[in-house]
Amino acid sequence: MPMTGSRDSDDKGRSDAPPPRSCLYVPASNPRAIEKARDLPADVVILDLEDAVAPDAKTDARIAACWEIARGGFGTRALVIRINPLPSIWGMDDLHAAVQSGAHALLVPKVTCAADIRAIDAAMTAAGAPGEMALWAMIEMPLAILNIAEITAGAGQSRLSAFVIGINDLAKETGAMMTADRAAFQSALQMTITAARAYGLTAIDGVFNDISDRAGLESECQQGRMLGYDGKSVIHPDQIEICNRIFSPSPGEVEQARMIIAAFADPHNDGQAVLKVGGIMTERLHWEQAKRIVAIAERIKRLTE
Ligand code: COA
Ligand code: MG
C-alpha cells in the first residue's frame, strides 16, 4: 500500500516514495503556495482544507485541492489531503472529494477514540476510496492521548497508517505552555510514538511556529528525532532543508550500519549472536536496525540521483 507507513511497509511500499522527513502543509486556498510545493524538496505535501483555510474559502479550497492533484507535477512527493473534522459541515464533503482525488492519504483532524477511526475508515470505503489509500490521524486532542492505545489497536483492521501529533491544538486544549524544550508535551510525544511503534505506524512530529528561528527549529527536530519520530510537519519552505537533514540517517550512522552488516555477513562470524563492531557490543537486533538505516539512506540517495 502506498504510504501505509508501517516500518515494514516503509520499505515494501512505493519504491519511489521518500521517507516522510518533511511534511509540508500548504493551504489548499493558496494557488501560489501549491505551485511552489511542486518544486520544493518536501517529502510529503499536505493540502490543507482545515485550519489554514477560512470558512468562506472551504468549498473552493476543496475543489482546488482535487484539481491540483489531478494536474500532477508533484514528482515522488506523497500527497495528503487534510480534511475538516467529520462532524463539521464540511467534513463529509471533504472526505468524498479527497477519496476520489488520487491523493495517497487522507489526514483527519481531532480524532478522540477508536470509534472515530472506524467511522472514517468505513466512510472512506463507502465513498469508494482506492484500497491503497491510507488514513493518517492527527493526535491533538487530550482525549486522543488518553485513548491512544485503543485508537492505535484498530490499525490492523483499518487504513490507519500514520499519526501526526498536533502540538498547537494540544496547547490550546490543555493550557500547557509551549516552551523551547516542549517539557509540557513530553508525555504526549512519547505516548504517541510508543503507540505508533507498537502497531507499526509512521509518526510525524508537529509544526514549529517561529519561521524565523532556524536554531529553534533545528533543536526541536533533534528532539523529535531523538524520540523516534520519522519526520516533522513544516509550514514554510525555509523549514524543509533542516527537517530533511536531521531526519536522514547521518553519514556516521550509515557508516556504522554498514560495518554491522558487513560483520554479520563475514563467514568468520557465522552463527554468532553477538559481536564487537568498532569496539561496540552488537547483537542481531542491531543488525536489523542497521539494515533499516541503510535502506532509508538508499531511498534518500535515489531521490537525489
Ligand atoms: N507552502 C508552499 N509555499 C509557501 C508556503 C507553504 N506552506 N509558505 C510560504 N510559501 C511561499 C510563499 O508563497 C512565498 O513565495 P513567493 O515569494 O515565491 O511568492 C515564499 O514561500 C515566501 O513566503 P513568505 O513571504 O515568507 O511567507 P508568507 O507570508 O507568504 O506566508 C504563512 C506565511 C505562514 C501564511 C505561510 O507560510 C503558510 O500559509 N503556511 C502554512 C500554514 C498552514 O498550512 N497551517 C496549517 C497547519 S499548522
Ligand atoms: Mg489542529
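Let's start at isoleucine 235, where a polar backbone atom sits 2.8 Å from a nitrogen atom of ligand 1. Please keep in mind that this is a predicted model. On its own, ligand 1 has 890 Å² of accessible area, and the protein covers 59% of that.

What else holds a polar atom close by? Tyrosine 25 also uses its backbone: one of its polar backbone atoms is 2.8 Å from a nitrogen atom of ligand 1. Lysine 36 uses its side chain instead, with a polar atom there lying 2.7 Å from an oxygen atom of the ligand.

How many residues surround ligand 1? There are 15, and the closest are Tyr25, Arg32, Lys36, Ile235 and His236. Strand E1, residues 22-27, and helix H2, residues 31-37, each supply at least two members of the shell. The largest share, four residues, comes from E1.

What I like here is where the two come from. Glutamate 140 is in the loop between strand E5 (134-139) and helix H6 (142-146), while aspartate 169 is in helix H8 (residues 167-174), so the pair, 29 residues apart, links distant parts of the chain. Both glutamate 140 and aspartate 169 are buried.

Next, have a look at lysine 232, in strand E8, residues 231-234. Buried or exposed? Its relative accessibility is 0%, and because buried means under 20%, lysine 232 counts as buried. Its side chain has polar partners. One is the backbone oxygen of glycine 206, reached at 2.7 Å. Another is the side chain of glutamate 220, in a polar contact at 2.8 Å.

My last stop is leucine 160, which you'll find in strand E6, residues 160-165. With 4% relative accessibility, leucine 160 counts as buried too. What does it touch? Setting aside neighbours within four places in sequence, leucine 160 is in contact with Ile117, Leu135, Ala137, Ile151, Thr152, Ala155 and Leu201. Threonine 202 is 42 residues away from leucine 160 along the chain, and their C-alpha atoms are separated by 9.7 Å.

How values were computed:
Residues numbered from 1 in each chain as written. Chains lettered and ligands numbered in written order. Predicted model: local features only at pLDDT ≥ 70, side-chain atom pairs only at ≥ 80, totals over all residues. Heavy atoms only, no water. Buried < 20%, exposed > 50% of the residue type's maximum accessible area, 1.4 Å probe, protein only. Near = heavy atom within 4 Å. Polar contact = N/O pair within 3.5 Å; in protein donor to acceptor, adjacent residues only side chain to side chain. Areas by Shrake-Rupley, 256 points an atom, 1.4 Å probe, with all protein chains shown as cover. Contact = heavy atoms within 4.5 Å.
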